Amino acid sequence: MRKKTALIMLVLTTVTWISSCSSDDNSPPMVDTCSNGKQDGDETGVDCGGSCDPCKTSNLLAGEITEDVTLDATIEYELTGAYIVKDGGKLTIPAGTVIKASGGTSAYIAVAQGGQIFVNGTADNPVVMTSAKANPAPKDWGGLVICGKAPTNVGATATSEVADLTYGGTEAGDNSGSIQYLRVEYTGATFNGTKEFNGVSLFGVGSGTTFRYVQSYNGGDDGIEFFGGTVNGEFLVSLNSGDDSIDFADGWAGTGSNWYIAGGQKAGIEGSNNGDNGDASPVTNVTLENITVVGPVGEGALFYKEGGGDFTIDNFFISDVDLGVKVKDGDTEAAVRLEADKLVMTNVQFVDVESEFAYTDYTGTNTDFIQEGSATGAGNGAAAPDWASGWTVGLDNSGSQKGEALSGEVTGEVTLDASIAYELTSSYIVKDGGKLTIPAGTVIKATGGTSSYIAVAQGGQIFVNGTSDNPVVMTSGKAIPAPKDWGGLVICGKAPTNVGETATSEVADLTYGGTAADDNSGSIQYLRVEYTGATFNNTKEFNGVSLFGVGSGTTFEYVQSYNGGDDGIEFFGGTVSGKYLVSIGSGDDSIDFADGWTGNGDYWYIAGGAKAGIEGSNNGDNGDATPVTTTTLSNISVVGPVGEGALYFKEGGGNFTITNFYTSGVDLGVKVKDSDTEAGVRLEADALSINPMQFDSPADGFEQTDYTGANQDFITVGDNTGAGNGAAKPDWANGWTTGF
């Protein structure tokens with residue numbers, strides 16, 4: 001800093017120099033730029049820097065702005081009180097500026113009607129408004145308040161909830177400036193007994209205002225709130241708000257896109273019309289798209305409240321919530337709008353919902369306003385969006401999964417990534433010569449209904465490399481999954497069957513069968529398929545896993561079907577063996593084999609199937625077709641009830657040798673239709689042998705078999721442990737299975 005005496009001498013010298021000039025000197029008079037309240041000349045700040053005095057290393061902010069003021073990014077500002085941009089004033093905050101508030105509730109930045117603020121942050125150098133405390137916490141200071149002249153439904157004009165500034169009017173295109181790449185932290189100080197600041201509050205702000213790339217972090221009340229107005233909000237982040245994350249009300253007529261919300265105490269988004277009159281006009285009318293809400297949430301991913309309004313929402317990704325849309329029972333105006341289809345939500349995806357999840361608590365007639373579909377939300381589902389990198393705080397992608405859609409064909413070698421959350425949107429087919437490798441821990445969620453299935457064509461290979469601690473899971477993408485949500489896994493090989501030299505798969509229309517008994521379609525270990533069985537057509541449904549003419553060179557072990565809509569696992573001919581298989585909750589038979597299957601089965605655990613525990617047949621059109629189904633099964637548990645026996649020997653049956661067959665809670669051991677002549681012939685020829693078979697806790701009306709022929713000796717009763725622990729979960733199923 002220059003000494004005062006030096007400054008006095010400079011002034012005297014200047015005066016002397018001016019007075020000594022002749023009257024015909026046309027040099028322009030000197031202008032003092034160092035005390036005019038502007039950043040001009042060669043200054044680097046307001047009235048400082050360049051040829052003026054050096055800029056201070058810190059500066060206090062408080063008071064009113066009535067002219068143009070530009071802050072200096074080299075100064076760390078301290079907000080000690082209210083700092084208000086008045087009508088005609090303009091505040092410009094360059095990229096990288098940091099403002100730390102120390103004045104508690106008294107510290108806030110506000111823009112009055114007619115004032116403007118320009119926050120010129122960048123992705124690499126945002127503007128930050130935060131707490132000055134050594135250990136910052138929510139409610140340390142007020143926040144940012146902007147008041148414009150755009151319409152609201154709370155009167156021609158009103159007074160802002162905090163800061164006592166007028167807002168509202170008729171100027172829909174009003175311009176309060178531009179805010180880009182701004183982060184506000186630790187806001188929400190209590191203004192009075194009933195009012196608290198939000199991170200950013202926009203009161204009647206007009207569409208001429210730019211509001212994008214803004215984050216509220218650890219605010220004590222709402223993160224960001226729109227009180228009427230027409231301004232749009234794009235690329236917004238709200239993390240850890242003490243109330244709602246993003247809130248809009250009072251006739252807001254803007255649009256919102258790319259919002260990422262997580263960790264709020266109450267609603268992810270609270271949308272309302274008017275707290276005093278749900279029918280006030282103009283009615284809140286918004287379009288939202290590309291939205292992510294990550295819970296838990298206290299009042300739903302969306303709280304449709306106080307009359308709600310006209311909302312159109314698309315591409316809404318919701319994770320870890322217990323409630324999708326909340327609507328209070330007493331909100332008559334909101335209910336009327338819901339019944340009139342004023343809330344439309346399309347492509348809504350719920351992921352990893354909580355145990356007590358409900359789509360909505362609305363009890364009216366219209367509950368179709370949520371339409372599920374594939375969504376990426378703000379960009380990466382539950383993970384931090386790419387556009388938020390660099391300028392936000394509190395987002396961590398290291399433990400999050402990015403999403404990727406699966407569909408189409410595999411013709412070369414493709415290896416999936418266990419760190420990616422895959423979405424199966426359609427068929428995904430490994431063609432001849434293709435190889436698909438799925439590493440341990442990979443999760444694939446299907447959202448395309450019947451169109452969603454994974455298939456391996458003849459000559460293709462699949463390698464499912466799960467482990468007991470980290471299985472591969474193929475499941476439904478719906479929030480409340482159910483049987484028949486998607487297709488399943490289909491594998492087609494070149495091994496023999498008895499339905500012709502080659503045939504077409506029951507579903508997926510792929511060729512299978514041939515003469516290569518040792519054909520190799522790959523290796524499947526530690527795989528769980530869930531909620532399969534979508535209806536392919538009027539007579540055909542997918543199974544959990546369907547193996548068509550699959551050869552003995554293929555490994556198929558440690559596989560579970562859970563809550564499938566049709567059969568759990570089915571072998572259509574072929575020579576592949578199946579070991580350590582689990583089928584729970586199948587809508588038809590639990591494990592089925594037919595069409596000349598000549599593989600073996602070892603350690604099968606079956607429970608909760610609607611029909612047969614095991615259905616074994618030769619050929620549905622010709623019970624004597626060759627090659628005849630021939631198998632040895634050992635260490636089998638079937639836990640009932642069963643609808644068609646623990647074993648259904650059907651359509652010619654075949655040559656079955658079964659050892660250590662444990663059943664519990666069944667009413668029928670072996671079912672055989674009276675009219676199945678070929679099956680009867682084989683039974684009389686001792687082609688079925690079960691020794692020992694245990695019937696533990698049989699159901700009422702129990703029969704060992706309903707076969708009425710002469711040979712009743714194919715069952716030898718004796719104790720055994722079946723799949724390992726009788727009716728209990730076998731040890732080999734620990735870690736990778738579900739539903740026990």
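For my ring search, Phe, Tyr and Trp (its six-membered ring) count as a pair if the ring centres lie within 6.5 Å. I'm working from a predicted model here.

**Entry 1: aromatic rings**

I started with the cluster. Ring pairs link Phe211, Phe226, Phe248, Trp252, Trp259, Tyr304 and Phe311. I then took the total for the model, and the rule gives 42 aromatic pairs.

Where do the two partners sit? Phe556 is in strand β40 (residues 555-562) and Phe571 in strand β41 (residues 569-572), so I noted a link between distant parts of the chain, 15 residues apart.

Then I went to Tyr558 and Tyr580. Their ring centres are 4.4 Å apart and the planes are at 0°, so I logged the pair as stacked. Tyr558 belongs to strand β40 and Tyr580 to strand β42 (residues 578-584), so the pair ties together parts 22 residues apart in sequence.

Is each tyrosine buried or partly exposed? Tyr558 is buried, at 14% relative accessible area. Tyr580 has 21% relative accessibility, so it is partly exposed: buried would need under 20%.

**Entry 2: charges over rings**

I found Lys326 with its charged end over the ring of Phe303, 5.6 Å from the ring centre. I also noted Lys671, which lies over the face of Tyr648 at 5.6 Å from the ring centre.

I looked up strand β16, residues 233-239, and asked how many of its residues are buried. The count is 6 of 7, so I wrote the strand down as mostly covered.

On one pairing, β16 goes with strand β14 (residues 210-217): the two run parallel and are joined by 5 bridges. Ser216 stands opposite Ser238 of β16.

β16 also pairs with strand β18 (residues 255-262), again parallel, through 6 bridges. There I traced Leu239 to its bridge partner in β18, Ala262.

A reminder to myself while reading along the strand: in a regular strand the side chains alternate between the two faces of the sheet.

**Entry 3: two loop residues**

I went to Glu171 first, in the loop between β11 (166-167) and β12 (177-185). Glu171 is partly exposed, at 40% relative accessible area. Which residues does Glu171 touch, leaving aside neighbours within four places in sequence? I got Lys149, Ala150 and Pro151.

Asn498 came next, in the loop between β35 (489-492) and β36 (503-504). Although Asn498 is in a loop, this residue counts as buried at 8% relative accessibility. What does the Asn498 side chain make a polar contact with? The partner is the side chain of Asn619, at 2.9 Å.

I then listed what else is in contact with Asn498, again setting aside neighbours within four places in sequence. The list has Asp595, Gly596, Asn618, Asn619, Ala625, Thr626 and Pro627.

Note on methods. Residues numbered from 1 in each chain as written. Predicted model: local features only at pLDDT ≥ 70, side-chain atom pairs only at ≥ 80, totals over all residues. Heavy atoms only, no water. Buried < 20%, exposed > 50% of the residue type's maximum accessible area, 1.4 Å probe, protein only. Helix = DSSP H or I, 4+ residues; strand = E, 2+ residues; numbered from the N terminus. Pairing = 2+ DSSP bridges. Phe/Tyr/Trp six-rings, centres within 6.5 Å; stacked < 30°, edge-to-face > 60°. Lys NZ or Arg CZ within 6 Å of the ring centre and 35° of its normal. Contact = heavy atoms within 4.5 Å. Polar contact = N/O pair within 3.5 Å; in protein donor to acceptor, adjacent residues only side chain to side chain.
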